[in-house]
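I opened the notebook to keep track of what I looked up in this structure, and in what order. The entries follow below the display.

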Amino acid sequence: MSLFITSLNSGSNGNCYYIGNDKEAILVDAGISCREVESRMKRLGLQMQKLKAVFVSHEHNDHIKGIPTLAKKHQVPVYITEATKRHGRLSLGSDLVRSFSAHEPVTIGDLIITAFPKLHDATDPYSFIISCREITVGVFTDIGSPCHQVIRYFQQCHAAFLETNYDEIMLDQGNYPYVLKARIRGGRGHLSNNQALELFRNYKPAFMTHLFLSHLSKNNNCPQLVEKLFNDYNAGVKMIVASRYEETSVYHIRQSDKPALKVGREPVSYRQLAFSFT
Ligand SMILES: [Zn+2]
Ligand SMILES: [Zn+2]
């Protein structure tokens, strides 16, 4: 069995990731309105009836704002920890609230969802991997640093939504106040392009086929720069920039028998690369 995945939106203005098989699906986060989730899924030919759950990574508004309406209107259970629900002030009918615990898989039809804690400045933040038989997809955004747990789970993924939040030079030279810059790069904020690239280059499993470059900053990043940076080292993995403004296509993730490709060129200086795009 295989998985169909898409980013319905990605960025500080709203995150929503769809992962499903031919019978059932889940969302990780719903930080865009219920109406937008509906219309984007419809455009992609994805059926609302297949949606069986929303898993909530943390309480920041860009991850939860569409959840109350979506859950109520479509009677979709919300998997959320007590601390996240309390701090997010989410109003959810108790009949729709489910809990989850780190490293304890939740089964929804043929989907198995496993949460693990992440380093982020929220109350009780988690990343997730979703498996269907032999295929695994990870959702790794809003992570301050690639801790050993991220590395461990990334190595299991056939596809992943991986945060590439900011270009280090753009953040450094941009006009954000110092406190905000420190928060973003402080180990419990967001992952830079370089941190994500290092994770990918060092720990990409041979069977990985797709990488969604996710949660890009509007002010401190540039989609073309991220795409070029990762494509230079893609090693045969399809790179998709997840947009802040629209859904991506639906990608079909299945077992691949492609051999792991060697990176075909020597690394160039990152500073050179960034310079050529700014
Ligand atoms: Zn976020
Ligand atoms: Zn966040």
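How far apart are the mean positions of the positive and negative charges of the chain? I found the mean positions of the 32 positive and 26 negative charges to be 2 Å apart, where Lys and Arg count as positive, Asp and Glu as negative, and His and the chain ends are not counted. For the place of a charge I took NZ of Lys, CZ of Arg, CG of Asp or CD of Glu.

Conventions. I note that this is a predicted model, in which local features need pLDDT of at least 70 and side-chain atom pairs count only at pLDDT 80 or more, while totals for chains, interfaces and linings use all residues. Residues are numbered from 1 along each chain as its sequence is written, chains are lettered from A and ligands numbered from 1 in the order in which they are written, and side-chain values use heavy atoms, with hydrogens and water left out.

Overall form. I looked up the secondary structure and read 10 helices and 14 strands, these being DSSP runs numbered from the N terminus (helices H or I, at least four residues; strands E, at least two). The radius of gyration is 18 Å, close to the 19 Å that the globule rule gives for 278 residues, so the chain is as compact as a globular protein of that length; the radius is taken over C-alpha atoms, and the rule is 2.2 Å times the number of residues to the power 0.38. Along its principal axes the C-alpha trace spans about 55 × 50 × 35 Å.

Surface and contacts. I read an accessible surface of about 12100 Å², of which 49% belongs to carbon and sulfur atoms, the areas coming from the Shrake-Rupley method with a 1.4 Å probe and, for residues, only the protein chains shown counting as cover. Buried residues make up 55% of the 278 residues, where buried means under 20% relative accessible area, exposed over 50%, and partly exposed in between (1.4 Å probe, protein chains only). Of the contacts (heavy atoms within 4.5 Å) between residues at least 6 apart in sequence, 67% join residues at least 24 apart.

Salt bridges. I counted 9 salt bridges, each a side-chain nitrogen of Lys or Arg within 4 Å of a carboxyl oxygen of Asp or Glu. In one of them Lys23 pairs with Asp110, with the closest N and O atoms 2.6 Å apart. This pair links distant parts of the chain, 87 residues apart, since Lys23 sits in the loop between strand 2 (16–20) and strand 3 (25–28) and Asp110 in the loop between strand 7 (106–108) and strand 8 (111–117). Lys23 is partly exposed at 42% relative accessible area, and Asp110 is likewise partly exposed, at 21%.

Arg133 lies in the loop between strand 9 (126–132) and strand 10 (135–140) and Asp110 in the loop between strand 7 and strand 8, so the pair ties together parts that are 23 residues apart in sequence. Arg133 counts as exposed, at 55% relative accessibility.

I then turned to Arg43, which forms a salt bridge with Glu247, the closest N and O atoms being 2.7 Å apart. Arg43 belongs to helix 1 (residues 34–43) and Glu247 to the loop between strand 13 (238–241) and strand 14 (251–253), so that distant parts of the chain, 204 residues apart, are linked. Arg43 is exposed at 54%, whereas Glu247 is buried at 15%.

Backbone. Most residues other than glycine have a negative phi. I noted Gln75, with a positive phi near 50°, in the loop between helix 3 (67–74) and strand 5 (78–79). Is Leu96 buried or exposed? I read Leu96 as buried, with a relative accessible area of 8%, in the loop between helix 4 (82–88) and strand 6 (97–98). Leaving out residues up to four places away in sequence, Leu96 touches Ala71, Lys72, Gln75, Val76, Pro77 and Val78, and its C-alpha atom is separated by 6.7 Å from that of Val76, 20 residues apart along the chain. Ile112, in strand 8, is partly exposed at 36%. With the neighbours up to four places away again not counted, Ile112 touches residues including Pro105, Val106 and Ile130, and the C-alpha atoms of Ile112 and Ile130 are 5.6 Å apart.
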